[in-house]
Amino acid sequence: MQHDAPWTTDRLKLEREGPATLADQIARHVEVAIAEGALQSGGRLPSWRDLAAQLGVARGTVRAAYEKLSDRGLLVTAGSAGTRVADLLPPAASSAKAPAECLEPLGSQYRSSRPLVFQMGVPAQDAFPATLWARLHRQAVQSASLRTGHTDPLGLPDLRSAIASHVAIARGIQCSPEQIIVTSGFRSGLSIALHAIGAAGKQAWVEDPGYPVTRLALAMAGVHPVAVPVDDAGLVVEWGRDRAPHAALAIVTPGQQAPSGVALAEHRRAELIHWASSCGSWIIEDDYLAELHLAGRSPGALAAGKGAERVIHIGTFSKTIAPMVGIGFVVAPLPLARRLIDIATALSAPPNTALQLALSTFLSDGHYLRHLRRMRRLYAQRRLRLLETLSRSGIGAAVPAGLTVLLPLPDGFDDQRLSLDARVFSLGPAPLSPWYAGASQPRSGLMLAVANVLDRHLEQSCRRLLAMIDGYPEMASGPIELGCGQCEVN
Ligand SMILES: Cc1ncc(COP(=O)(O)O)c(C=O)c1O
């Protein structure tokens, strides 16, 4: 369908003395209008002559701007039908932001209510048990409205019991409901744990590459992150022990390392526990994805094995159910339980009561385990299809990494810029390079989350993405060659 463009040039203020050419400024403005949805697929742009007259520039300048955008597949010129916006994927809610505005906040792409294709951090939208959840939530809202008193700052007793049972079954962790602190997700669990450990001013090992939000959270809490490399057996414990033996804690994703997807090998687990026990340090186990292991059984939790008394286990339902649930939990190891409980009571408000009640029923009635089983199957299928599609396009170097497929790019490729530009096409790949903190050479690449890769968009989305990559100046020397082995995460 073609639309008349509700687009004006009112906001286009050309800087005639600025560093960017007039054509580039016009092209950028049109690109932003497409990203914001002001210009939609099929929308007609003013003729060169009209726009040139409106802006007081030469016709050739507008033509050059349009040509740049045509080269990038954003516009099509159709003779007397004029210049129109190309047939793009449907705009998603998050594209309402101009790419330039999205440069700053970490994880800003997670904030859209409707996920982009390849976007990380969100579950499959089409597979979310919305009717069931709505029913449980409705009942919970009714029941919560009768509870007008204070709620337990550590979480509703029923939910704490349901979580304790769940982690015993699914993660092999033996704990009592009194050791469970309900939080609003990993980040609030981390914050409680850092306070309880008294980590400010001390060192903390973090995985490199690793979750950038964790590093940011540490920096904001006055903790000094020590980037410890990760290889195909997970965290290189020996490296951390040599460089920062007296760190107060280590934060790890042993079940499924973020972003590489590798599980922490048995010998590394033993080394890590040994280090923590002998130095009196703590291990924060970020178990965000361990239950969604796509190949075989999930690796065991550190908090389930020998040395568990040094492990603060943090779980979250934001990946396994949805970020909107906004609930996670801490399993407090006995030696630190009193302190964690006191900190949580003083500093952290429990999540909304109705949501806690709904989640409690979701867990105890068996819906959660069923949902996890379905999601594992679905994500494994989607990951496979994405890998097959990339492979048919000649991209054999793409590697599965947890719930994502990692597409390595040549060293020095501006993966951040590409990720922002891709949003114009409603694609949400995440750049790999910001996950590196300096212990190892940052790799450039794209992380393509598989959760919302639907068959009907797959071919077109991959084609668009690969065409964009090929169009980048870094690729001037030839089409993309990714089968280079050296591009793997480590
Ligand atoms: C490594 C890692 N840990 C934890 C989380 C979940 O964090 P939260 O529960 O705060 O949303 C994510 C989400 O993307 C993640 O990538």
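Rings of Phe, Tyr and Trp (its six-membered ring) pair if their centres lie within 6.5 Å; planes under 30 degrees apart are stacked, over 60 edge-to-face, and the rest tilted. By this rule the count is 8 aromatic pairs. The model is predicted, with local features needing pLDDT of at least 70 and side-chain atom pairs pLDDT 80 or more, while totals for chains, interfaces and linings use all residues. Residues are numbered from 1 along each chain as its sequence is written, and side-chain values use heavy atoms, without hydrogens and water.

**View 1. The tilted pair of Phe-186 and Tyr-211.** The ring centres are 6.4 Å apart, with 55 degrees between the planes. Phe-186 lies in helix 6 (residues 186-197) and Tyr-211 in the loop between strand 4 (203-208) and helix 7 (212-220), so the pair ties together parts 25 residues apart in sequence. Helices (H or I, at least four residues) and strands (E, at least two) are DSSP runs, numbered from the N terminus. Phe-186 is buried at 8% relative accessibility, whereas Tyr-211 is partly exposed at 26%. Buried means under 20% relative accessible area, exposed over 50%, and partly exposed in between (1.4 Å probe, protein chains only).

**View 2. The edge-to-face pair of Phe-317 and Tyr-368.** The centres lie 5.3 Å apart and the planes are at 70 degrees. Phe-317 is buried, with 2% relative accessible area; Tyr-368 is also buried, at 1%. Ring pairs link Trp-133, Phe-317, Phe-329, Phe-362 and Tyr-368 into a cluster.

**View 3. Arg-243 over the face of Trp-239.** The distance to the ring centre is 4.0 Å. A charge sits over a ring if NZ of Lys or CZ of Arg is within 6 Å of the ring centre and within 35 degrees of the ring normal.
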